[in-house]
Amino acid sequence: MVDQVLIIRSDTGSVKFDSRLAVGGVCLGLYTVASGGSVFAFNGMGPGLQGVALNLAGKGVPAAAYTYDNSLGHPRFTFAGGASGMTVALFVK
Amino acid sequence: MTVRLRVKNGAQELVVSSEGRLPYCVGKATFQALVQPAGSVGAEAPGRVAGYSTYQVAHAGPVIPVFDMPIGFNVGVISVTEISAGLHEIKMYCGMSPDTDGFETQYVVDVWAYGFAAARAGAFGLVLRDADSGVIAADFTRDAPLFPRGSGDIYATPTGFSAPSLTRAVGLGMPAYWAVQETARPGSGSVADHYEYQMFWRRASITSIVGITALMKQYRLNTETPTNDGDDGPGVLFVLEGAPLP
C-alpha cells in the first residue's frame with residue numbers, strides 16, 4: 001500500500017507544502033499559561049506523539065516548569081506556576 | 001460523525017493535522033535599529049551590555065519569529081514584545097567576531113513573523129477546519145504555510161544536529177538556556193565579576209547547526225556571596241526553507 005502524500009502547489013506551480021519533505025511538527029496553537037500553572041490537553045489527537053513547547057517571549061521553557069505526557073492516551077502539556085504568564089507555542093510530532 | 005485529516009511523512013511523524021493550528025508567514029518584520037555592545041566590564045551594573053537589533057511587524061494575534069541563519073553567524077531571538085495592540089517588536093541577536101571582552105559585533109538579520117489566520121485567504125484551495133470548533137486548522141491558500149524541513153533539539157544533542165541542505169535555511173525556535181555566573185576576583189575580598197549568558201544557534205556549515213552561548217552582560221559587583229543562577233530546558237529548532245519568504 002502506498003503512503004498518503006499531501007502536496008500543495010501555489011498557482012504558479014511552485015510547491016508550498018510537501019508531506020514527504022516535511023519533518024514532524026504540527027503546531028497546536030499559542031496558549032498563555034495562567035497564574036498558578038495550566039494544563040493543555042488535546043484529547044482528539046491520540047497516543048504516540050512527542051510534545052515540544054516554545055516560549056514566545058524569549059528564553060526557553062525551563063525543564064522544571066513543564067512536562068509533556070501521553071498517560072491519558074493523548075497529548076497533555078502541564079505548565080507549573082513558575083511559567084505563569086508565558087505565551088507558549090505548542091507542537092506535537 | 002467526525003472526520004479528521006492527519007498526514008504523516010515517510011518516517012511516520014505527524015506533519016499535517018486538522019486538529020492543529022498551522023501558522024503561516026504573516027510578513028517580514030521591518031528593521032528598526034542596530035545597537036552595538038556598549039559600556040565597560042569594569043563598571044558596576046549594567047556594565048558592558050551585548051548589542052542587538054530590533055524589528056517590528058503588525059499582526060492582530062501573537063507571532064512566532066522566524067530568522068535567517070547565515071553560515072557562520074551566531075543568531076537567535078532575544079525577546080518578542082507586543083509594544084502596542086497588534087504591533088510586535090522582535091529583538092534579535094546576530095553576532096560574530098567577539099571583542100577582547102567577548103562581546104560580538106552585531107549585524108542586521110532577516111526576520112519574518114508567523115501567525116494564525118482567522119479567515120481563509122483565497123477562494124480556491126485546501127482549508128482544513130477543526131472538526132469540533134470549526135476554527136481554521138490549516139489554511140493552505142496562504143503563500144507560506146509552516147513547512148519545516150528539519151529539526152533538532154540542542155538540549156538533547158548539545159553537540160549540534162544536521163539540517164537539510166536548503167537554498168536558504170531559516171530557523172524557528174527560542175533559546176533554551178540562560179545562565180548568570182558570579183566569580184569572586186582572587187584576593188579581592190568582596191569584588192566579583194557578574195556574567196550573563198544566553199544560548200543561541202550557529203549554522204556552522206550548510207548542513208550543521210550547533211548551540212552557542214553568547215555573553216550578554218558583564219559588570220563588576222561588590223558582594224561577599226557570589227551567586228549563580230540559570231535555567232536549561234528543551235531547545236527545539238525547526239529549520240524551514242526560506243527561499244519563498246518575502
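The model is predicted, so local features need pLDDT of at least 70 and side-chain atom pairs count only at pLDDT 80 or more, while totals for chains, interfaces and linings use all residues. Residues are numbered from 1 along each chain as its sequence is written, chains are lettered from A in the order in which they are written, and side-chain values use heavy atoms, with hydrogens and water left out.

**Where chains A and B meet**

- Contact (heavy atoms within 4.5 Å) links 49 residues of chain B with 38 residues of chain A.
- About 3,600 Å² is buried between the chains, with carbon and sulfur atoms giving 67%; this is accessible area (1.4 Å probe) lost on putting the two parts together, summed over both.
- On the chain B side, Leu14(B), Phe147(B) and Met174(B) lose the most area to chain A, together 16% of what that side buries.

- Zero salt bridges are counted between chain B and chain A, taking a side-chain nitrogen of Lys or Arg within 4 Å of a carboxyl oxygen of Asp or Glu.
- The chain B side that touches chain A holds 27 nonpolar, eleven polar and eleven charged residues, where Asp, Glu, Lys and Arg count as charged, Ala, Val, Leu, Ile, Met, Phe, Trp, Tyr, Cys and Pro as nonpolar, and the others, Gly among them, as polar.

**A sheet in chain A**

- Three strands (DSSP E runs of at least two residues) form an open antiparallel sheet in the order β4-β7-β6 of chain A, pairing being at least two DSSP bridges.
- Its edge strands are β4 (38–41) and β6 (66–69) of chain A.
- Four bridges join β6(A) to β7 (residues 76–79) of chain A, and Asp69(A) stands opposite Arg76(A) in β7(A).
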